Amino acid sequence: NYYLGYRCYFGMGSVAAWRFSQRLAGIIWTLLGLVLTAWMFFAGGSFRGMDTMDMVWKAVRCMLWEAGLTAVSCLFINTIVAMNYNTKGELRRRKE
């Protein structure tokens with residue numbers, strides 16, 4: 001629906017474009033979530049014996065990395081959807 005899900009300009013043109021963008025975003029964000037969960041698990045394990053402020057700054061750096069990777073994944077999803085669908089939600093024709 002219009003209010004829930006991954007919205008991008010090219011993915012809003014048709015039901016097929018919407019489903020493609022949702023499926024792509026779901027796959028990429030699931031993989032990214034698994035990677036970031038493992039990363040935070042190991043980063044959190046290294047907090048033992050650290051000073052409080054060092055832990056805070058390490059956590060902030062991890063959060064900035066997560067935000068950056070999320071932004072890159074959004075850019076990647078938008079690019080892939082834009083390469084496959086036009087603004088009307090029609091599949092782009094491939095040059096043969």
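Ser-21 is located in helix 1, where helices are DSSP runs of H or I with at least four residues, numbered from the N terminus. The model is predicted, so local features need pLDDT of at least 70 and side-chain atom pairs count only at pLDDT 80 or more, while totals for chains, interfaces and linings use all residues. Residues are numbered from 1 along each chain as its sequence is written, and side-chain values use heavy atoms, with hydrogens and water left out.

With a relative accessible area of 0%, Ser-21 is buried; this class means under 20% relative accessible area, whereas exposed means over 50% and partly exposed lies in between, for a 1.4 Å probe and protein chains only. Apart from neighbours within four places in sequence, Ser-21 is in contact with Tyr-6, Cys-8, Gly-11 and Val-81. Contact here means heavy atoms within 4.5 Å.

Helix 1 comprises the 31 residues 15-45. At 1.5 Å a residue these should span 45 Å, and the end C-alpha atoms are 44 Å apart, which agrees. The expected span is 1.5 Å times one less than the number of residues in the helix. The buried residues of helix 1 are Ala-17, Trp-18, Ser-21, Leu-24, Ala-25, Ile-28, Leu-32, Leu-36 and Ala-43. Helix 2 (52-84) is included in what covers them.

## Aromatic pairing

Four aromatic pairs are found in a search of the whole structure. Rings of Phe, Tyr and Trp (its six-membered ring) pair if their centres lie within 6.5 Å; planes under 30 degrees apart count as stacked, over 60 as edge-to-face and the rest as tilted. Tyr-6 and Trp-29 form an edge-to-face pair, at 5.3 Å centre to centre and with 85 degrees between the planes. This pair links distant parts of the chain, since Tyr-6 belongs to the segment before helix 1 and Trp-29 to helix 1, 23 residues apart.

The relative accessible area of Tyr-6 is 10%, which makes this residue buried. Trp-29 is partly exposed, at 36%.

## Surface features

A nonpolar patch on the surface is formed by Met-53, Val-56, Trp-57, Val-60 and Leu-64, with about 480 Å² of accessible area together. Leu-64 lies in helix 2 and is exposed, with a relative accessible area of 59%. Patches are made of residues with over 30% relative accessible area and no salt bridge; like charges are joined within 9 Å, and nonpolar side chains (Val, Leu, Ile, Met, Phe, Trp, Tyr) within 5 Å. A salt bridge is a side-chain nitrogen of Lys or Arg within 4 Å of a carboxyl oxygen of Asp or Glu.

Lys-88, in the segment after helix 2, is exposed at 62% relative accessibility. Leaving aside neighbours within four places in sequence, Lys-88 contacts Gly-13 and Ser-14. Lys-88 and Ala-17 are 71 residues apart in sequence, with 9.2 Å in space from C-alpha to C-alpha.

Methods:
Helices (H or I, at least four residues) and strands (E, at least two) are DSSP runs, numbered from the N terminus. Accessible areas come from the Shrake-Rupley method with a 1.4 Å probe; for residues, only the protein chains shown count as cover.
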